[in-house]
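Here is a quick tour for anyone meeting this structure for the first time. Take a look at the picture, then read on.

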Amino acid sequence: MNHHYVSQVLSRKFFNKDNVAFLYNKTTHRIQKLRSTKSLFSVKYLNSKLTEDGNVDHSSIEDTLNRYFETDFNKHYNRIVSAVSADNIIGQPIPNSEDV
């Protein structure tokens, strides 16, 4: 189980139009090209936990993060980007901000 401590939905925002992200490796002092978020910001079994009966639960934490954070992330992200890039008058409410 490969679990991400930075959500893939957020990591994907750093990929360019060619679906490439660049990562500086402090150990090798090289820049790496990434084409996937699969191993980016991840640790094996990070969100796994032992249940009361001794079984390993790999999905309940992941499911909760998905339900409350990842599912609507792009919708909220796009609203924030739109609001920040719009020509709004300082001190006035941002249009549709009550929807966020």
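## The hairpin and its turn

Let's start with H29, which sits in the loop between β2 and β3. (Buried means under 20% relative accessible area, exposed over 50%, and partly exposed in between, with a 1.4 Å probe and protein chains only.)

The strands on either side, β2 (residues 21-25) and β3 (residues 30-34), run antiparallel and are joined by five bridges. (Strands pair if DSSP finds at least two bridges between them.) They make a hairpin with four residues between them, and L23 stands opposite Q32 in β3.

## How to read the numbers

This is a predicted model, so local features need pLDDT of at least 70 and side-chain atom pairs count only at pLDDT 80 or more, while totals for chains, interfaces and linings use all residues. Residues are numbered from 1 along each chain as its sequence is written, and side-chain values use heavy atoms, leaving out hydrogens and water.

## Rings that meet

How many aromatic pairs does a search of the whole structure find? There are three. (Rings of Phe, Tyr and Trp, the last by its six-membered ring, pair if their centres lie within 6.5 Å; planes under 30 degrees apart count as stacked, over 60 as edge-to-face and the rest as tilted.) One of them is Y5 with F41, an edge-to-face pair at 6.0 Å centre to centre with 70° between the planes. Y5 lies in the loop between β1 (2-4) and α1, and F41 in the loop between β3 and β4, so the pair ties together parts that are 36 residues apart in sequence. Y5 counts as exposed at 54% relative accessibility, while F41 is partly exposed at 34%.

The rings of F73 and Y77 have centres 5.8 Å apart and planes at 25°, so this pair is stacked. These two are four residues apart in helix α3 (residues 73-85), or about one helical turn. F73 is buried at 13% relative accessibility, whereas Y77 is partly exposed at 31%. Together with F69, they form one aromatic cluster.

## A greasy patch and a buried serine

Y5 and F41 turn up again on the surface: with V43 and L46 they form a nonpolar patch of about 370 Å² accessible area together. (Patches use residues with over 30% relative accessible area and no salt bridge, joining like charges within 9 Å and nonpolar side chains, namely Val, Leu, Ile, Met, Phe, Trp and Tyr, within 5 Å; areas come from the Shrake-Rupley method with a 1.4 Å probe, and for residues only the protein chains shown count as cover.) V43 belongs to strand β4 (residues 42-44).

S11, in helix α1 (residues 8-11), is buried at 2% relative accessibility. Leaving aside residues up to four places away in sequence, S11 touches V6, T37, L40 and F41. (Contact means heavy atoms within 4.5 Å.)

## One salt bridge

The structure holds one salt bridge. (That is a side-chain nitrogen of Lys or Arg within 4 Å of a carboxyl oxygen of Asp or Glu.) The side chains of D18 and K17 make it, at 4.0 Å from N to O. K17 counts as exposed, at 81% relative accessibility.
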